[in-house]
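My notes follow in the order I checked things.

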Amino acid sequence: MKKEIVVLGAGFGGIKAAFILHKCLKRLSLLDKYEIVLVDKNTYHTYTPTLYEAATTSKDIANQIKLKNIVTFPLKTAFQGREVVLLNKKIKELDLVGGDIHFGDGGKLKFDYLVIALGSETNYFDIAGLEENSLTLKTFMDAIKIRDAIWDKVDAGAKKIKIVIGGGGSTGVELAGEIQSWTCQLDKELKNCKTAVKIIEGQPTILPGFDEKVIKKVTKRLKKIGVEILLGEFIEKVEPNKIYLKSKQLENFDILIWTGGVKASRLTGALPLRKDEKGKQIAVKEKMECLPQTDDLKLYGKIYGIGDAVCCYYAETGKPVPKIAEVAIQQAKIAAHNIIEDIKLSEKIISVPKYKKYRPKISEFPYIIPIGGKYAIAKFGSVVISGFLGWVLKGLVELYYILLNVFPPYQAIKIWLKGLLIFIKNDRLG
Ligand SMILES: Cc1cc2nc3c(=O)[nH]c(=O)nc-3n(C[C@H](O)[C@H](O)[C@H](O)COP(=O)(O)OP(=O)(O)OC[C@H]3O[C@@H](n4cnc5c(N)ncnc54)[C@H](O)[C@@H]3O)c2cc1C
């Protein structure tokens with residue numbers, strides 16, 4: 001019987017891990033002894049960096065089917081010609097002591113090696129009425145719901161649609177900019193703008209934790225394109241069309257979009273694994289291996305955790321590593337390498353494994369924040385670039401750091417070009 005290497009989640013981390021595992025096992029001629037299984041509740045991968053644009057693309061530029069083809073990619077195509085079993089199932093429960101993965105349909109699967117790459121969930125922080133009265137932006141359907149909510153109001157003849165975005169992190173500010181550039185003519189005066197967009201952020205600044213220079217530039221740009229920013233205000237309660245703030249101020253809204261945080265999924269949060277200091281997210285060690293919650297607990301097989309599902313810290317500052325695609329990809333490389341070392345050891349190909357360690361460095365990746373139209377603020381090392389050049393760099397960085405790192409070159413370039421051809425046209429309500 002083949003040994004099972006099961007990768008849970010076909011996000012950036014899971015896909016990258018499955019690709020590397022396949023390549024290495026093929027090279028070692030071990031695919032007849034080991035089977036790689038990639039499990040996801042969807043048959044496709046969601047390319048999150050284009051979700052903002054999908055949420056703000058007019059129907060006559062791209063209908064839902066066309067947009068889905070740009071933002072999501074069938075796993076079958078990505079793994080064509082590779083011996084990776086794709087299992088389209090929703091995971092209901094993980095038994096890490098017995099070694100079983102339980103699915104929503106009642107079935108189960110045993111693992112020998114496990115990679116947990118299940119991403120994160122929106123965190124509503126138990127704010128009364130928030131989940132029921134807001135939209136969010138994590139999946140393709142979330143993007144479509146935002147687009148339709150704005151579009152329905154425009155169609156109904158609304159003169160000014162009040163959109164509140166809860167959370168001024170990168171998702172919140174990028175979405176605010178995209179909505180504003182979609183519904184207003186940014187190159188003209190903002191008089192005919194169909195929306196009034198307001199960001200509400202609890203911290204004293206938007207983009208908490210980002211570089212000061214970037215925060216200043218993003219704030220200036222948002223204000224210039226008509227986005228209102230309310231800082232240091234916490235949402236306490238939400239009712240239909242009404243937000244109660246901690247300061248007792250009341251905010252009305254037509255559409256509320258919550259981008260205020262993510263948390264471990266219910267599934268991973270409940271696992272008997274060592275967690276971060278708040279006891280919520282899986283804390284992994286440098287080898288990306290998960291450790292049992294208590295020393296006397298014996299886990300089944302070898303278990304690794306990567307990406308948004310886990311928590312890692314910078315050695316220099318003790319601060320958490322950001323939850324971004326590049327990090328998930330890097331961690332996938334480490335976990336896959338270490339699994340292969342374990343396999344080489346048990347197959348007696350080597351006698352001493354050469355494990356790799358994940359040692360994140362601050363400012364390792366350039367980051368780029370698009371803010372409305374073909375305008376972005378980019379930070380490369382200590383250099384900050386803004387404007388059209390920043391927007392061009394965003395496309396190139398996505399291609400180089402994410403797409404080419406996850407997908408084979410031909411597929412990566414096709415995915416990139418398909419998005420570019422549509423999103424280059426989406427600066428107008430059509
Ligand atoms: C709007 C938005 C924009 C972003 N833009 C960028 C960007 O420009 N650059 C960047 O680097 N990062 C960006 N990110 C962050 C990036 O998407 C994440 O950091 C990255 O997706 C994490 O990868 P992952 O593999 O850990 O998890 P994910 O990519 O979230 O994948 C998790 C997978 O697990 C599956 N899954 C979850 N639960 C179950 C279950 N119970 N059963 C079966 N399958 C399940 C999901 O379907 C999903 O496919 C963005 C995120 C958002 C929301």
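Predicted model: local features only at pLDDT ≥ 70, side-chain atom pairs only at ≥ 80, totals over all residues.

Residues are numbered from 1 along each chain as its sequence is written, and side-chain values use heavy atoms, with hydrogens and water left out.

**Entry 1: Glu-289**

I looked up Glu-289 and found it in the loop between β19 and β20 (302–305). Helices (H or I, at least four residues) and strands (E, at least two) are DSSP runs, numbered from the N terminus. Is Glu-289 buried or exposed? Glu-289 counts as buried because its relative accessible area is 17%. I then listed its contacts (heavy atoms within 4.5 Å). Leaving aside neighbours within four places in sequence, Glu-289 is in contact with Val-284, Lys-302, Ile-303 and Tyr-304.

**Entry 2: Asp-276**

Asp-276 sits in the loop between α9 (266–269) and β19 (282–283). Its relative accessible area is 11%, so I logged Asp-276 as buried. Not counting residues up to four places away in sequence, Asp-276 touches Gln-281, Ala-283, Cys-311 and Tyr-313.

I also checked polar contacts. A polar contact is a pair of N or O atoms within 3.5 Å; within protein, one must be able to donate a hydrogen and the other to accept it, and residues adjacent in sequence count only if both atoms are side-chain atoms. The side chain of Asp-276 reaches the backbone nitrogen of Lys-280 at 2.9 Å.

**Entry 3: Asn-338**

Asn-338 lies in helix α10. I read a relative accessible area of 0%, so Asn-338 is buried. Its contacts, leaving aside neighbours within four places in sequence, are Lys-287, Tyr-304, Tyr-355 and Lys-356.

**Entry 4: cysteines**

How many disulfides does the structure hold? I found 1 disulfide, counting a pair of cysteine sulfur atoms within 2.5 Å. Cys-184 is joined to Cys-193, S to S 1.7 Å. Both Cys-184 and Cys-193 are buried.

Cys-24 is in no disulfide; the nearest cysteine sulfur belongs to Cys-290 and is 20 Å away. Cys-24 is buried because its relative accessibility is 16%. Cys-311 is in no disulfide either, and the nearest cysteine sulfur, that of Cys-312, is 7.0 Å away. With a relative accessible area of 6%, Cys-311 is buried.

**Entry 5: the ligand**

I counted 28 residues around the ligand, taking a residue as near if one of its heavy atoms lies within 4 Å. The closest are Asp-40, Thr-48, Ile-91, Asp-308 and Glu-326. The shell divides into 14 nonpolar, 7 polar and 7 charged residues. Here Ala, Val, Leu, Ile, Met, Phe, Trp, Tyr, Cys and Pro count as nonpolar, Asp, Glu, Lys and Arg as charged, and the others, Gly among them, as polar.

Which atoms of Gly-13 and Ile-91 come up? A polar backbone atom of Gly-13 is 2.9 Å from an oxygen atom of the ligand. A backbone N or O atom of Ile-91 lies 2.9 Å from a ligand nitrogen atom.

Terms used. Buried < 20%, exposed > 50% of the residue type's maximum accessible area, 1.4 Å probe, protein only.
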